[in-house]
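Visitor: Could we take a close look at a single part here? I'd like to hear about the aromatic side chains.

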Amino acid sequence: MKLIFTADLHLDTRFSAENNADVRRFELISIFSDILDYAKQNNITTVLLGGDMFDSPYPSNETMASVTALIQKHSDINFYAVCGNHDPLYKTAFYKSVPQNFFVFPSAVTKVQLDDIDLYGVSVKTQTDNSDAWHGFNAQGRFITLSHGALDSDGVMALSSATLSDTGGALHLLGHIHKTNASVLQSGAHALYAGSPAGRGFDECGIHGFYVIDTDSLNYTFVNTNAKIYKEYNVDVTGTNSLSDIITKLSSVTVAPGEIARAVLVGTLKKPFEIDVDALCSFTPQFLEIKDKSELDIDIMKSISENTLEGEFVRILSSMLDSAQNENDKQTVLDAIKEGVLALGGDR
Amino acid sequence: MIYIKKLELTAFGKFENYTLELHDGVNEFVFPNEFGKSTITDFLLFMLYGFQKTLSKKILLEDNLLKKYMPWSNVGYISGALTVVSDGVQYRIERRQRESASRSNTVVRNVSGQEIMLDCEPGEYFFGVDRDTFERTFLIRQTDIRFFGTGGIETALKNLVTTGDEGISFESAMEVLKKKKSKFQHGERRSGRIFEIPKQIAMLERQLFDKNKKLNELQGVSHQLDEIRHEITKLSATQNRLSSLLPIARGNIAKKMLEKLRFVQNEIITLKQKLDGVKLDITDKQFDSASEIFANAAACKTRLEKATADLKELEQKLAILKEDITDFDYIKQNKNEIYLKLNDKGSVNYIFIILGAIELVLGVLLYVFVSPAFLSFTGVGILFFALAFLLRKKPVLEPDIVRQYHLYVERASEIDVLTALVKKAILELETAKAEAFKNENDIKNIKQTMGVDSAQALSNLRALCNEGGLVRARILELEQTEKELLQYGSVTMLESQAQNSGELDVTLAQLENKLAQTVAEKNELTARAVSLEREAGDAAILEKEIFEIEAQISDLNTELEKAQYQNKVLDMAISALGSAYDRINSEYSPRLTEKARGILSLLTDGKYDSVYLDKQFNIRIKADGELKELGYFSRGTQDAVYFAVRRAVSELISDKNGLPVIMDDPFWSLDDKRLQNAKEYMQKIFSNSQAIIFSARQ
């Protein structure tokens with residue numbers, strides 16, 4: 001049989017940084033719907049969810065209703081879900097009353113028999129639940145494990161690859177890490193992170209998708225979703241003197257359809273000028289966000305206006321650059337120079 | 001040394017293909033008003049640094065400049081060239097810009113016409129200063145002198161002596177920074193986000209504390225609920241486990257019951273077979289009567305057998321007698337006829353009689369009537385008669401019949417005796433048969449009524465009937481058991497259940513008892529859970545509120561962190577700006593005033609040689625033994641002071657004193673004497689560099 005494995009949908013994410021947060025939230029549900037449509041088109045009747053289906057234990061009623069309706073609509077699909085640290089079993093209202101075709105694994109390892117293979121799963125109890133559920137677990141027969149956690153991580157939701165390997169499972173399906181990944185454990189079994197089926201920010205750039213797994217051969221295929229792709233474009237603003245110069249440079253960047261783009265302004269400015277990123281955004285709608293990472297050419301600034309207040313100001317602060325303990329301190333001084341020079345220039 | 005050698009205004013405002021040749025030293029051009037002196041000054045700026053389109057307030061002005069200087073000839077772009085000589089080498093700067101373009105198209109060539117690639121503006125390349133420095137150091141505009149904006153000339157001078165740029169005010173820059181900082185932290189008023197956010201956080205934390213307190217109270221409930229749910233889960237598991245054993249237990253019972261049922265049913269069948277057709281309510285009289293019938297039947301049978309044997313013997317004897325008389329019945333029936341035939345002499349031949357009669361008659365007639373000869377005919381007739389007797393026809397009998405007839409006659413009496421005896425024997429047999437038939441019917445009746453057809457069976461039945469009550473009672477008992485067993489379920493159901501039978505160390509009753517206990521316990525806990533869930537529902541709402549407050553606090557902490565960083569940046573900028581200001585004023589201002597004092601004295605023939613700064617760095621001029629504000633003096637004196645300070649700044653703030661200085665009608669308000677002094681000053685100052693002066697006065 002074939003089954004779909006996805007995880008970390010993070011439905012109902014706030015998207016507070018984005019203007020069209022409602023649209024983005026809807027897009028996440030739409031991606032989930034697309035996955036189920038894919039299942040239908042390919043006669044796949046089993047969908048495994050690797051946790052963090054919701055971004056918080058308290059998703060909105062609207063989102064829960066939408067998800068319930070989707071699951072009920074696909075009544076020929078059997079869903080098997082484990083809860084993640086974002087939507088722990090004991091906290092998330094959705095899991096207290098789920099549709100008939102939606103099975104939630106409890107917080108102890110539990111077996112479900114699929115057509116030709118067993119499935120063992122375990123849910124995360126609470127947001128701070130950091131226990132390795134697979135510790136000491138071992139089962140006979142051919143089976144898959146489904147859980148939420150980061151293999152051999154020092155952080156939260158850590159799972160040991162050794163204990164997972166010792167379970168004797170033929171394939172280990174994992175949620176929590178948002179980037180898709182496949183690795184081989186000591187036992188020779190593969191461990192798969194489905195990754196999130198849609199990026200939710202510029203820290204989740206690139207293509208996202210889900211796995212289709214053949215339980216007979218245990219071969220797996222990664223299928224891309226149609227989710228919008230977050231992508232950063234570095235735009236070199238070296239040599240620019242004005243916002244119009246930057247707009248010209250930004251306008252020359254072609255953003256591919258289906259991308260959510262962020263422009264990162266890089267390069268060295270001879271002299272700071274007020275880079276109003278909001279104004280830039282209004283002139284370059286292809287970018288959701290513009291981030292200014294441009295640097296100042298302190299040497300040039302020191303050499304100009306030598307005997308002026310501005311020159312003296314730059315000299316005083318630039319002398320602090322040498323004594324800066326770290327990059328943060330250095331950045332603070334550079335930002336102070338920028339603020340001062342802009343203030344001195346503002347009243348001209 | 002660097003100087004500008006040639007200006008070519010190809011298309012710039014009102015100018016079209018206008019050329020101005022220059023040299024090192026002082027270049028004074030006297031043009032009438034409205035000639036375009038400011039236009040030429042802006043052309044120089046355009047050629048060296050260009051006009052830029054931008055969104056900022058400042059460059060919008062330059063957008064206006066671009067528009068302003070679009071050629072009147074409507075070529076659609078401004079263009080021109082500037083020839084610069086640097087250390088004896090000549091360069092030509094060519095620039096062109098459309099109104100819609102954000103930047104100009106600029107080409108710099110060397111003397112042989114080769115293009116030199118620059119990564120900066122030509123002004124920066126040749127003069128080594130940026131546009132701002134150039135403007136505030138080497139460009140003195142007419143507007144600088146006449147129109148000083150809101151603060152007037154005093155502010156411009158104050159800015160010059162405190163910042164080195166008349167357009168830059170230390171106070172306003174500091175105000176901008178402090179205003180910005182006040183958004184984050186305003187020390188005196190203790191306002192700004194750095195103060196506000198902790199207050200908001202504190203308020204949220206109080207809410208959080210209250211809600212957590214409530215939640216803790218409810219969490220007892222929640223814990224209880226969790227425990228109960230845990231218990232319910234365990235009980236459900238037990239219930240499921242026990243329920244899963246039920247089919248086995250039921251199967252085991254069904255299997256046993258089925259075995260018992262089958263035994264009972266077989267027993268019933270056996271007993272019923274035993275009693276099959278037997279009527280157990282037969283009386284002794286009926287048995288006696290039946291016994292008599294069977295006895296009669298037995299006697300009758302003997303009689304019948306004897307009669308049969310007798311008859312057979314007689315018939316055999318009779319058969320022996322009849323043995324050679326194969327057609328016995330025919331002989332017997334026709335014995336008289338045979339006898340007669342045997343004794344018959346035969347009948348006359350009537351033909352010969354007739355013929356004789358005819359011959360006789362005819363002979364007589366013929367004799368009578370014809371001739372007596374014909375009497376012979378009568379003889380013939382008599383012959384015929386004789387023949388008729390001679391030729392009589394006797395009956396013919398077959399010899400065998402005759403033989404048999406004689407045998408018959410010989411044995412007839414014996415046959416008759418035997419035949420009579422046979423008849424008697426037959427009668428006896430018939431009688432016996434009739435009796436046997438009657439007995440048979442009686443036995444049929446007995447079979448019908450009593451189910452037996454033999455004396456032995458009757459005897460057995462009688463014996464059976466003697467114990468029949470016990471059998472019937474057993475059957476009834478078994479039937480009752482069967483009924484009870486079948487009340488439990490049909491055979492099909494039992495068979496189906498029995499399929500689940502297996503090893504089990506508990507009985508169904510124990511299992512059901514345990515299951516009932518589990519279900520009862522679970523129901524009780526579920527009811528308790530329902531009531532606790534209501535309270536837990538409140539806890540869930542609180543948890544959600546706490547989650548949201550924690551998210552708000554987290555957001556505020558992030559904002560606070562950013563605000564603190566911005567505040568730190570601005571503090572650093574403010575501190576550095578203050579230090580820079582102090583340093584400029586301690587080192588630069590005294591030198592500036594000293595230099596300005598010398599220039600002013602030169603311009604005013606020593607009348608005003610004392611330029612001072614008060615505590616607020618305002619310019620004060622000593623006149624009539626008193627320090628007076630600039631407003632006290634004439635406009636010409638004010639302009640002289642401005643020029644002196646501006647030049648002093650130019651000389652002090654940059655080490656690039658060999659650069660050309662461009663002045664747009666700087667001396668319009670000076671009287672003739674001061675104008676003359678200024679010119680002499682210029683000749684002296686710019687003997688080794690270049691000054692370009694546009695003036696309306698000779």
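Which residues form one aromatic cluster with Phe79(A)?

Guide: Quick background: this is a predicted model, where local features need pLDDT of at least 70, side-chain atom pairs count only at pLDDT 80 or more, and totals for chains, interfaces and linings use all residues. Residues are numbered from 1 along each chain as its sequence is written, chains are lettered from A and ligands numbered from 1 in the order in which they are written, and side-chain values use heavy atoms, with hydrogens and water left out.

Now the cluster: Phe79(A) sits in it with Phe32(A), Phe54(A), Phe94(A), Tyr95(A) and Phe102(A). Rings of Phe, Tyr and Trp (its six-membered ring) pair if their centres lie within 6.5 Å; planes under 30 degrees apart count as stacked, over 60 as edge-to-face and the rest as tilted. That rule gives 38 aromatic pairs over all chains. Take Phe79(A) and Phe102(A): their ring centres are 5.8 Å apart and their planes at 25°, so they count as stacked. This pair links distant parts of chain A, with Phe79(A) in strand S3 (residues 78-81) and Phe102(A) in strand S4 (residues 102-104), 23 residues apart. Strands here are DSSP runs (E, at least two residues), numbered from the N terminus. Both Phe79(A) and Phe102(A) are buried, meaning under 20% relative accessible area (1.4 Å probe, protein chains only).

Arg95(B) lies over the face of Phe46(B), 5.6 Å from the ring centre, and Arg96(B) over that of Tyr77(B), at 4.1 Å. The test is NZ of Lys or CZ of Arg within 6 Å of the ring centre and within 35 degrees of the ring normal.

Notes. Helix = DSSP H or I, 4+ residues; strand = E, 2+ residues; numbered from the N terminus. Buried < 20%, exposed > 50% of the residue type's maximum accessible area, 1.4 Å probe, protein only.
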